[in-house]
Structure formats: structure tokens, C-alpha cells
Number of protein chains: 2
Amino acid sequence: MERYSGKSVGFACVTLQKGFWKEMQELVRDVTVDAVYDRFEETGRFEALKCEWKEGMPFKPHIFWDSDITKWIEGAAYYLKKRRDSKLEQRIDDLVDRMEKSQEKDGYLNSYFTTVEPEARFTRRTDHELYCAGHLIEGALAYYEATGKRKLLEIALRYTDLIDRVFRVEHSASFDTPGHEEIELALVKLYEFTGEERYKKLAEFFIDQRGRSEKDQPYEFADMKNMQSHLPVREQKTAEGHAVRALYLYCGMADLALLNQEEALAQSCETLFENVTAKRMHVTGGVGSTHLGESFTFDYDLPEDTTYNETCASIALAMFCRRMWLIDADGKYADCAERALYNTVLSGISLSGDRFFYENPIAAVPEKTSFYESRPEGIRQHMPILERVKVFQCSCCPPNLVRTMGSIGDYMYSVSGDTIYAHCYMDGDAVIPMGDGEIVLHQRTDYPYSGEIALQTETDGTYAIAMRVPAWCTSYTLKVNGVAWEYPAEKGYILLRRTWSSGDEAVLVLDMAVEQVEANPRVPNLCGHVAITRGPLVFCAEGIDNPGVGLNDVRIGRDAEFACREEEINGRRLPVLRTQGKRRCDFSELYRPRRDETEQVSLTLIPYLAWANRGITEMKVWFLSEE
Amino acid sequence: MERYSGKSVGFACVTLQKGFWKEMQELVRDVTVDAVYDRFEETGRFEALKCEWKEGMPFKPHIFWDSDITKWIEGAAYYLKKRRDSKLEQRIDDLVDRMEKSQEKDGYLNSYFTTVEPEARFTRRTDHELYCAGHLIEGALAYYEATGKRKLLEIALRYTDLIDRVFRVEHSASFDTPGHEEIELALVKLYEFTGEERYKKLAEFFIDQRGRSEKDQPYEFADMKNMQSHLPVREQKTAEGHAVRALYLYCGMADLALLNQEEALAQSCETLFENVTAKRMHVTGGVGSTHLGESFTFDYDLPEDTTYNETCASIALAMFCRRMWLIDADGKYADCAERALYNTVLSGISLSGDRFFYENPIAAVPEKTSFYESRPEGIRQHMPILERVKVFQCSCCPPNLVRTMGSIGDYMYSVSGDTIYAHCYMDGDAVIPMGDGEIVLHQRTDYPYSGEIALQTETDGTYAIAMRVPAWCTSYTLKVNGVAWEYPAEKGYILLRRTWSSGDEAVLVLDMAVEQVEANPRVPNLCGHVAITRGPLVFCAEGIDNPGVGLNDVRIGRDAEFACREEEINGRRLPVLRTQGKRRCDFSELYRPRRDETEQVSLTLIPYLAWANRGITEMKVWFLSEE
């Protein structure tokens with residue numbers, strides 16, 4: 001495709017019909033939307049929105065609570081877009097009424113600052129004010145688009161206009177750019193919705209000033225790198241600092257690069273994408289190798305049981321990929337989005353839909369976790385929790401999951417000129433705008449359980465459909481109306497350019513073989529190890545399925561055979577793998593001369609997304625490899 | 001031997017003549033003794049001893065500075081015992097004069113409390129008062145025994161009498177047992193020197209009250225486990241908390257178990273020894289797996305680049321072993337002492353003798369260290385330093401090395417009845433008390449460079465010499481006067497019971513083959529790995545000797561051949577190993593389907609004790625194993 005020619009095809013154009021993502025979406029609609037609402041209610045987040053808190057009262061507002069609420073509204077709105085629900089709307093309308101009452105005369109809206117520190121507004125770079133404002137904008141747009149109700153949108157517009165004046169026009173804030181990015185991408189959305197240039201200009205201001213402003217300072221527990229302010233964005237070559245902030249920033253950068261067709265910004269995005277995906281990303285699409293600053297660390301630093309891998313960071317990574325494929329339709333972006341979505345993002349939510357992980361380690365060592373949990377403050381090592389919980393003090397991830405699942409259809413298609421790009425495969429029907437018209441496409445698939453994807457068009461005409469062949473796929477067949485299509489994939493897509501008649505069908509069959517994956521030799525702890533994948537799913541072994549096996553010592557042979565069978569885990573249909581490995585015969589000494597005495601052992605693997613749903617148990621993604 | 005019948009043969013009975021330990025001892029005498037003195041002088045430790053510090057002055061006394069000084073005096077005294085030195089004695093005498101002046105009327109002596117918080121004396125369990133007192137006792141005894149000068153001894157006796165009255169008789173202190181153990185073993189030494197029962201009773205009081213006293217409380221950054229106060233000592237089964245404190249405690253426990261022939265206490269010591277050595281000790285004899293609380297963690301937790309492995313902890317482990325072999329002459333104790341002394345203890349001091357490590361990790365990842373060093377406070381992960389320094393704020397390890405090297409002859413022999421146990425082999429001459437007489441033994445060896453140990457007696461008579469066959473040794477020969485001695489080793493010793501004539505010689509030749517060692521399958525990160533040893537030395541590979549090799553990916557085959565050659569590293573003669581391994585061919589992707597493409601690579605290994613003497617460079621002890 002021509003660079004910068006991509007156009008998003010939003011979830012609103014798509015109706016999922018069945019299968020993996022439809023089931024996920026329904027779970028979130030039926031369970032998670034209410035579960036998150038109930039926890040937020042219990043924890044006083046909605047009460048705080050009234051801005052009636054006084055010292056001594058419970059539920060002191062927190063600097064990022066507003067964002068939890070508007071992100072939940074955004075997610076709920078995506079479901080309302082597909083199916084109106086008066087009870088849910090009533091809940092949102094009540095929250096909107098509270099926000100309307102709490103909004104200050106000049107448009108300012110932040111329950112923490114208004115209530116707790118009114119004198120400090122726009123003075124503390126890192127206190128999430130603009131981050132909250134960004135989520136307000138996104139929530140307002142989503143709710144308006146779902147229901148046509150304007151109140152929240154008007155609240156958001158009033159507040160955004162204040163921010164624009166204070167930051168871009170008057171420069172009267174104590175800082176120039178937010179300590180936690182998010183508003184940049186929200187402003188681009190708002191610009192695209194309203195057509196108001198000043199919103200784009202404000203986004204550009206925040207992007208361009210970053211790393212240049214003399215007003216922008218770090219704060220305790222952080223540095224300029226932690227907030228991506230160590231360099232102007234066009235000079236940033238490596239992913240640094242807080243992973244969610246970094247990736248939200250890259251989203252905003254990609255949005256502006258696309259809008260302005262700006263090569264320098266686009267190249268920065270590409271360089272940063274390469275750094276993340278070629279040097280700083282787990283095989284599960286998890287990013288942010290340390291809880292310290294919730295941040296990226298350095299190249300090839302991919303620890304297993306202590307890595308942070310925040311759910312929100314992988315959501316943000318997928319969001320970034322979706323923007324990048326509009327700049328350049330390279331399959332690597334959808335490969336990465338899938339890696340994140342199918343593994344770390346879904347690890348963030350329990351199979352029951354009402355419990356969440358913030359951190360998604362790729363190994364669990366229960367003895368280590370319980371040891372450090374038993375230690376006193378000050379000599380306690382932070383370890384990721386090993387069971388999902390209903391809500392966090394900082395509960396960004398649960399509503400982020402709600403909005404991601406509600407809009408998962410965003411990841412199916414994009415359009416460039418007369419080409420429809422089919423990125424991530426999901427069973428669903430789409431009405432895709434192209435030029436002045438539209439193309440109606442039906443996608444039938446049981447992906448990722450099986451690798452067959454059938455795309456049937458209802459629309460006559462000459463246009464192209466580009467079907468993605470994932471990088472993990474080493475063998476596939478493609479037929480159009482039953483006839484083999486011989487052209488190879490380029491940059492991850494097979495371009496089916498032809499004259500289509502209604503009822504024509506392209507059937508892509510991806511070989512879903514189980515693969516053993518090795519990591520780059522520069523990753524110290526992954527040398528001599530393999531991870532097991534099938535399609536986009538990364539697998540793991542849990543102690544509960546492998547009692548007494550000793551997962552750390554299991555070695556998987558080069559020619560190991562894997563039996564794959566669909567089974568139910570906590571009521572969810574999932575592929576389960578079984579294989580034979582070797583492990584050393586047990587012995588009691590701590591050290592002894594090498595003997596290499598091994599015995600065969602059976603190994604059961606489940607998709608990583610399903611780990612930690614059956615109690616606290618050992619878990620491992622990377623296994624010793626044996627020749 | 002009969003249980004509890006062991007008698008220590010101190011370094012005073014032994015004169016090292018040449019070889020590995022003689023060279024170490026001379027280096028410390030010629031370089032380290034003065035280097036530590038000079039650093040302590042520069043950092044105001046000696047000035048503090050005057051107790052003239054006032055708020056606003058430099059060199060504010062620190063709670064453990066007194067112990068640094070008396071530990072250095074103890075170490076210096078061990079050299080004076082062998083060779084008087086008026087300049088060195090003058091230095092010590094000046095320090096003793098300061099202590100005499102600073103000692104309070106009632107005997108109290110602590111430069112921190114006297115100067116900074118006089119009202120707080122004996123109120124803060126963890127502020128190292130009794131730890132400092134213990135080192136004062138040890139230093140005073142050593143200096144008296146070396147020079148016959150009584151002043152420091154009398155200072156120590158006055159202070160000890162005060163402590164005895166306050167703690168044991170009046171119970172007027174705010175706590176019963178020290179937060180940092182050390183005084184227990186010092187009191188046993190003092191009892192053995194003076195014959196005064198009350199010193200033994202005070203040691204017993206501290207040992208017996210531990211884990212029972214209601215007055216003993218933890219403090220911020222610690223808990224009862226961190227100070228070994230979670231259980232009465234006879235009920236402690238696992239090594240918990242601060243590793244140096246734990247092992248000093250176990251020394252005191254072993255001392256009392258031996259003195260009182262108390263089975264319950266001895267069994268606790270044995271159980272704790274087993275827990276340490278079978279589950280919580282690195283192959284280098286390093287203990288204390290985390291810097292958090294400088295402590296033991298849990299079974300089989302042996303991280304490589306983050307482990308603490310304090311030099312003092314391994315010294316204390318060797319001290320504990322030396323006590324245990326008096327209770328029960330089992331070779332496992334000398335095996336463990338050697339493991340600690342030849343590896344972690346010596347890693348604590350540079351080849352130049354004037355720089356020190358406090359922490360002794362078993363892997364170095366310079367990128368990781370420099371990354372976290374660059375992070376701001378609060379989001380910085382503690383990492384061990386990768387270059388030794390001249391002095392620490394908490395500088396317990398350097399003087400501990402001085403005293404350990406000065407008294408290394410302690411580890412050669414013990415006596416039980418008519419049997420001389422030869423534990424750790426060093427070239428030297430000994431006059432060993434036995435019954436009413438003495439046995440004169442000459443030990444000629446180039447151990448650990450070679451495995452031949454010749455023991456020649458000068459003393460006619462019927463007695464036994466028990467020569468240790470180290471656990472690492474799988475093959476050996478033993479001849480007495482040229483005739484093979486066929487009796488096997490029992491519990492690690494070959495008992496040569498016979499009628500000896502002056503000039504008789506036993507020659508033990510230990511096969512010093514290079515061994516590959518595997519760790520228990522329960523140690524997660526060491527599965528699939530081997531360490532390389534030769535005799536008591538553990539080897540490591542450093543980046544500087546293996547440029548571009550990528551040590552993390554090197555795999556060592558089961559049948560790898562190792563060439564061993566003595567070479568000089570920074571002027572020190574050391575065995576260096578060379579072998580061939582395999583590594584994966586390099587590739588650029590972060591993840592790819594497993595290919596197992598390997599190439600041969602040369603690997604150079606040096607003794608672990610010599611690591612980090614040639615700049616900051618990657619280092620590894622455990623290597624991937626290949627069948």
C-alpha cells in the first residue's frame with residue numbers, strides 16, 4: 001500500500017458472530033462490565049466523583065480514579081453501540097450528571113484536585129490530570145457515538161478547551177507535557193470527530209514539546225526517562241521508562257505521523273516499534289521488564305518471574321500496532337498485536353471474567369512469592385501476585401480490558417485505496433467503507449482453534465483483499481473459489497486483487513502446527529530454552545496439571561510430538577497440548593558430579609492466557625531444550 | 001572420633017611455609033593490614049574512638065565502627081603473634097589508649113552511644129552494641145596473646161563485666177539478646193581463656209533466651225526471623241534471616257554444645273548445617289541469597305547475579321564448620337569450610353590485596369548493573385557492585401578477611417584423643433598438642449595447584465593421623481613410607497593408626513581432575529547447567545578472557561576436555577582452564593522457530609576467587625550443559 005494511506009475500520013463496522021473473540025466479548029459484556037462497575041462503586045470511586053469529600057471522610061479521591069471511571073464508560077459504550085441497554089445507560093447517565101455538577105465554571109474537571117488540592121491544579125506534571133482528561137475525551141466520544149447523548153461530550157469539550165488555553169495558548173501551567181501520556185491520542189480522536197484544528201494543534205504541542213520543555217521536570221521515584229522526556233520524541237530510538245506511558249505516547253505519535261504524513265515522526269515510531277519487538281518484548285507480548293517504575297529496562301532483559309508485563313502495556317502495544325498498520329501495511333504489526341492480545345492481554349482477565357492481573361509474569365514460583373510476602377516492609381522484594389483479584393487500588397487494567405474487548409473488532413480490517421487488509425482473524429460480518437461505497441465481507445473461522453479462514457464477499461467489483469499470513473505460519477494454502485492462489489505473501493499479506501462477484505470466497509488454511517520457539521542468544525536466561533506455541537497462542541505448563549514433574553528441569557526434545565486437543569478449563573474451551581519430555585532423575589545432594597541421568601516425563605501445556613485460574617501453582621513458559 | 005572429643009589446634013601451633021595460603025597470608029600482611037588501617041583512618045573511624053564528636057563535626061561515629069577497629073586489631077594481632085612489629089603495635093597501642101580514655105566509669109565502651117546517644121545505651125536491640133562488644137573481646141584476647149599487653153584485655157573485661165551484670169544479673173537492659181550475634185562465641189573464647197564461669201553463663205544466657213524473651217522485639221526493616229529470634233535456638237531447623245548473624249549464632253551454639261556436650265544444641269547445629277549446605281548454599285560456598293536483610297531466603301533459592309553472598313557470611317560459615325568438626329569429625333565440615341574459603345571468602349579480596357567485595361554474586365551482567373545504577377532512588381534495583389572498592393561505609397568484610405587470613409592455620413588440624421585430624425591442606429609445620437605431649441608434623445604440598453600432600457612426622461609413638469579425602473575427590477592413592485595404605489576413608493577421613501617413627505611419611509595423592517558439577521533439580525535457575533571445579537576451586541568465565549563468546553549461550557558437553565595450566569593473573573599464580581563448548585549461531589530475531597544451529601567455541605575459565613580483577617566484565621559460573 002501507499003505509505004500513510006491506511007484507514008481504520010472500526011469495530012462498529014464489524015459484527016462478531018461466533019468463536020474465540022465473540023465468546024470473550026460476551027463474557028466481558030455479561031460479567032466484566034458489571035463486575036468492574038460494582039468494584040468501583042464499592043471502593044468509592046463513583047462517590048468521589050461528587051467532589052464532596054472532606055478530610056476525615058472515607059473514599060478520599062485518588063489522582064487517577066477519574067480515568068478508571070471514564071475508561072469503564074468508554075468500554076461500556078462499545079457494548080451499547082452494539083446493543084442499547086437502559087439500565088447500563090442509566091448508570092452512566094448518573095455518573096455523567098455527577099461530572100456535570102463537579103465540573104468547575106471554567107471547565108476544569110478532576111475529582112482529586114477539585115476536592116483535595118484545588119490550589120495545585122496544573123502544577124504537578126505527574127499527577128495524571130491530563131491522563132484523566134484523555135480518558136474523559138475517549139469515554140465521551142464513545143458514549144456519544146453509542147447513544148447520541150451529548151452531555152458527557154460537552155463536558156469533555158469544555159474541559160479540553162480549558163486545557164488548550166492553559167497549556168497551548170497561555171502557557172500558564174507549571175509544566176508543558178503530561179507526566180503520563182494518553183491525552184495525545186485522545187486529542188487526535190477528538191480532532192477527527194470534531195474537525196477542530198485546535199485539538200490537533202494541542203496534540204502536536206504535547207508531542208513536540210516533550211523532551212524540549214524547560215518547565216517539564218521529573219519527580220521523586222522517576223526520572224525524565226521514566227516519562228519519555230529524556231529526548232525530543234523524534235530523537236527517541238529506544239523504548240524507555242514506564243511502559244504504558246511510552247506506548248500511549250507512541251500511539252499519539254503514530255496518529256500524528258499518519259495525519260500529517262510526517263516521515264520523521266513515522267520513522268521514530270518504526271524505530272521504537274523495532275526496539276520493543278526485537279529486543280524488549282516477551283514471547284507473550286508482555287512489555288515492561290520491571291515493576292520499578294513499571295518500566296522498560298534494557299535490550300534483551302526479559303526476566304521471567306519478576307517481569308512486570310502490565311496488562312495495560314500490552315493493550316497499548318496492540319493499539320500502537322493498529323496505528324502502525326495504517327502507516328505501512330506490514331504484517332509485523334498485526335503479528336505483534338496478536339501476540340499481545342492472545343497472550344498477555346487475556347492473561348489479564350480470569351476465565352470467569354471478574355478477576356484481573358495487573359502484572360503478567362511468565363513464570364510463577366509460589367515459594368518465592370510467599371517468602372517475600374512474609375517479609376517485613378523494607379526487606380520485601382516485590383513479586384507479582386499469583387492469583388487474580390477483583391480490583392486494584394490502581395485499577396487501570398480492568399476497565400482497559402472492558403474497552404479492548406468491546407472494540408476488539410477494530411483489529412480485523414483496515415482499508416487502503418481499493419484494498420481491504422484482513423489483519424486479525426475473527427468470525428464476523430463486516431460492512432467496510434471503501435471510497436464512496438462499501439464492501440460487505442463475511443469472515444467464517446474458528447481461529448485460533450483451527451487455521452481455516454473463509455472470506456466471502458457480498459459485493460461485486462474490482463478491489464483487493466489482502467489476507468495476512470502470520471509470521472508464525474510456515475505453511476499455508478489459499479484458494480479463491482476453490483482454485484489455488486499462487487502468488488506469495490509480501491510483507492505478511494497475500495494480495496487478492498481481482499474482480500469479485502457476490503458469493504466469491506477466499507479460503508486461507510494456515511497450518512496450526514505446534515512450534516518450538518527459541519529466543520535470541522543475547523537473552524541470558526532464555527538461552528537453552530524453548531517456548532511452545534500454536535498459532536498465536538503461547539503455551540505454559542502449570543503445576544496443577546503436572547504434579548511432581550518439576551517444570552524447571554523438564555527438557556523438550558527437538559523432535560517432541562505434541563498432541564493437541566480441545567478441552568474445557570473452568571468452562572472455557574481451549575486447546576491443550578500434551579507431550580513427552582525428559583527430566584533428570586531426582587537426587588538429594590545440592591551439588592554432585594554431573595551424571596545426566598534422565599527419565600521420561602509427561603507434560604501438559606495450556607494456553608498462557610488461561611494460567612492461574614485454578615489456584616496458586618507453579619507456572620512456566622520457557623522450557624529447557626534437549627537435542 | 002568420640003563425639004565432643006575434638007580439640008582445636010590453633011594457627012599458633014602452625015607455621016605456613018609456602019604455597020597458596022602462605023602467599024595469601026603474606027599478601028594480607030604486607031598490603032591488606034595497612035590498607036585497611038589507612039582507609040579506617042581516612043574515614044574517621046579512629047577519630048571517632050576518641051568520643052569527642054559533637055553535632056556538626058565530621059566523622060559522626062557509626063554503630064558498628066568499633067567492631068571494624070577491634071576486628072582489624074584482632075587480625076593484625078594474628079600477624080604479630082608470628083612476628084612482632086613495633087610500628088604496627090604502636091598503632092594498636094594508640095587505639096587502645098583512645099579506648100581506655102573513652103571507656104566510661106562503669107566499663108561501658110561504645111563510641112557511637114557514648115558520643116551520639118548516651119541515653120540510649122542498652123535500649124536498642126539491633127544497634128550492634130553487643131556485636132561490637134564481642135569483637136572487642138576477640139580483639140583483646142588476640143592482642144594479649146600476641147604481645148602479652150594487658151590493657152585492651154582489661155578494657156574488654158571491664159566492659160564484659162558490665163554487660164554480664166546488666167543483661168544476665170540485673171536484667172536491666174531493654175532487650176535480652178543481641179540483634180546481631182557475635183558476642184556469644186566471643187564469650188566462650190573469653191571463658192576458655194579466663195576460666196571464669198560467668199562468661200560461659202552469659203553466653204548461655206544469650207543463646208538460651210534467644211527466641212524466648214518477651215523483651216526482644218524486631219525493628220523497622222527486620223523481623224524476628226531476620227535476627228534468628230523466631231524460635232528458641234534448639235527448635236530452629238532452617239537457616240533464617242541475616243546470614244552473618246545466623247552463622248555467628250551457630251558458632252556460639254556449637255561452642256556451647258561442645259563445652260557442655262549438649263546433644264540438643266549439637267543436633268540443632270547439625271540440622272542447621274544440613275539446611276545451609278544441602279539447600280541454601282551456592283557452589284562457591286556463598287550464602288545469603290538476597291541483599292534484602294542480607295539474608296537467607298528459602299530452600300533452593302540460589303539466584304546468580306543478585307545473590308548477596310557476603311564475604312563475612314562465608315567466613316562465618318567456615319568458622320562454624322571448624323567448630324562442628326570438633327563435635328563430630330565428619331569430612332563434610334571441612335569440605336564446606338574449603339568451599340567457602342577457596343571461593344567466596346577469597347573473592348572478597350582483590351588479587352592486589354587492597355580492594356574488597358562485600359557481596360559476591362556468581363554471575364555478572366554489566367548492562368544490568370549499569371542500567372539500575374542509572375535509575376533514580378526509589379525505582380532502582382539493588383545490584384552487587386562489579387569492581388572491588390577500598391572501603392565500605394559498613395566495612396566489616398575487609399578486617400574480617402585480615403583476621404581470617406592471619407589465622408588460616410586454624411583450619412589445618414584438630415585433635416581427638418590420640419588422633420590428629422588433618423582437615424584443610426596447606427604447606428606448613430605444626431607442633432600439635434596431644435595429651436601431655438606434642439606431635440611435630442611437617443606438611444608438604446602444593447595444594448590446591450596439585451593434589452599431592454606429604455605428611456611427615458618427627459614424633460615417635462603410637463597415634464593416628466586422619467587424612468581427609470575431600471568429597472570432590474573421586475580417586476586417590478595413599479602410601480605410608482611408600483607402601484599403599486588400603487583402608488578406605490570413613491566419613492571423609494582415612495585413619496592412619498600405627499606406630500610412627502620420626503621421618504615416617506604419609507603421602508596422599510588426590511586426583512585433581514576437572515569436574516563438571518550439577519545442582520539439585522529443585523534449584524530452578526541451575527537446571528540444565530553445570531559448574532566447573534578442580535579440587536576445591538570453582539571456576540568462572542569472564543568476558544575479558546572470552547570476548548564475543550556470549551557466555552550465557554555456551555554449552556559444555558558431557559565429555560568436554562579441559563586443559564589446565566598455571567598462569568599469572570595480575571601477578572598471582574593460578575590454574576586456568578581451557579575447553580571447547582558449543583553455542584548457537586547468532587541471529588537477529590528476538591524469537592524464531594527452534595533451529596539448534598550451533599558452532600564450536602573456545603572457553604577460558606579462571607578460579608572464581610580471581611574474578612573482577614581486570615575491570616568490569618561479564619562473568620558466569622554456571623554454564624548450559626549439552627549431552
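Predicted model: local features only at pLDDT ≥ 70, side-chain atom pairs only at ≥ 80, totals over all residues.
What is the order of the strands in the open sheet of 7 strands of chain B?

Residues are numbered from 1 along each chain as its sequence is written, while chains are lettered from A and ligands numbered from 1 in the order in which they are written.

1. The same surface serves both of them, as 100% of the contact residues of chain B recur in chain A. The superposition is by least squares on the C-alpha atoms of residues with pLDDT of at least 70 in both copies; residues are in contact if their C-beta atoms, placed from the backbone, lie within 7 Å.

2. Interface. Chain B contributes 57 residues to the contact and chain A contributes 58 residues. On the side of chain B that touches chain A, at least two residues each come from helix H11 (263-279), helix H14 (366-373), strand E14 (514-519), strand E19 (572-584), strand E20 (591-593) and strand E23 (622-626). E14(B) gives the most to this side, with 5 residues. By class, this side of chain B has 22 nonpolar, 13 polar and 22 charged residues. Here Ala, Val, Leu, Ile, Met, Phe, Trp, Tyr, Cys and Pro count as nonpolar, Asp, Glu, Lys and Arg as charged, and the others, Gly among them, as polar. Strand E20 (residues 591-593) of chain A pairs with E14(B) in the antiparallel sense over 3 bridges, and Tyr591(A) has Ala519(B) as its bridge partner. Helices (H or I, at least four residues) and strands (E, at least two) are DSSP runs, numbered from the N terminus; two strands pair if DSSP finds at least two bridges between them.

3. The sheet of 7 strands. In chain B the order of this open sheet is E2-E6-E7-E8-E13-E10-E11, with antiparallel pairing. Its edge strands are E2 (14-18) and E11 (483-484) of chain B, each of which pairs on one side only. Within the sheet, strand E8 (residues 452-457) and strand E13 (residues 505-510) of chain B pair over 5 bridges in the antiparallel sense, and Glu452(B) has Val509(B) as its bridge partner. Helix H1 (residues 19-42) of chain B packs on the sheet, where it touches E2, strand E6 (427-434) and strand E7 (437-445) of chain B, and its direction makes about 100 degrees with that of E2(B). Axes are lines fitted to C-alpha atoms, for helices over the stretch in contact, and angles run from 0 to 180 degrees between N-to-C directions.

4. The sheet of 5 strands. A further open sheet in chain B has the order E1-E4-E5-E9-E12 and mixed pairing. Strands E1 (6-8) and E12 (493-500) of chain B stand at the edges with a single partner strand each, so one side of each is left without a neighbour in the sheet. The twist averages 25 degrees from one strand to the next. Strand E4 (residues 413-416) and strand E5 (residues 419-422) of chain B pair in the antiparallel sense over 4 bridges, with Tyr413(B) opposite Ala422(B). Helix H12 (residues 311-327) of chain B lies across E1, E4 and E5 of chain B and runs at about 140 degrees to E1(B).

5. Helix packing in chain A. Helix H3 (residues 65-82) and helix H4 (residues 86-102) of chain A pack at an angle of about 150 degrees, with their axes 11 Å apart. That makes H3(A) roughly antiparallel to H4(A); angles under 35 degrees count as roughly parallel, over 145 as roughly antiparallel, 65 to 115 as roughly perpendicular and the rest as oblique. In this contact Ile69(A), Ile73(A), Ala76(A) and Leu80(A) of H3(A) meet Leu88(A), Glu89(A), Ile92(A) and Leu95(A) of H4(A). The contact residues of H3(A) and H4(A) comprise 7 nonpolar, no polar and 1 charged.

Key:
Contact = placed C-beta atoms within 7 Å.
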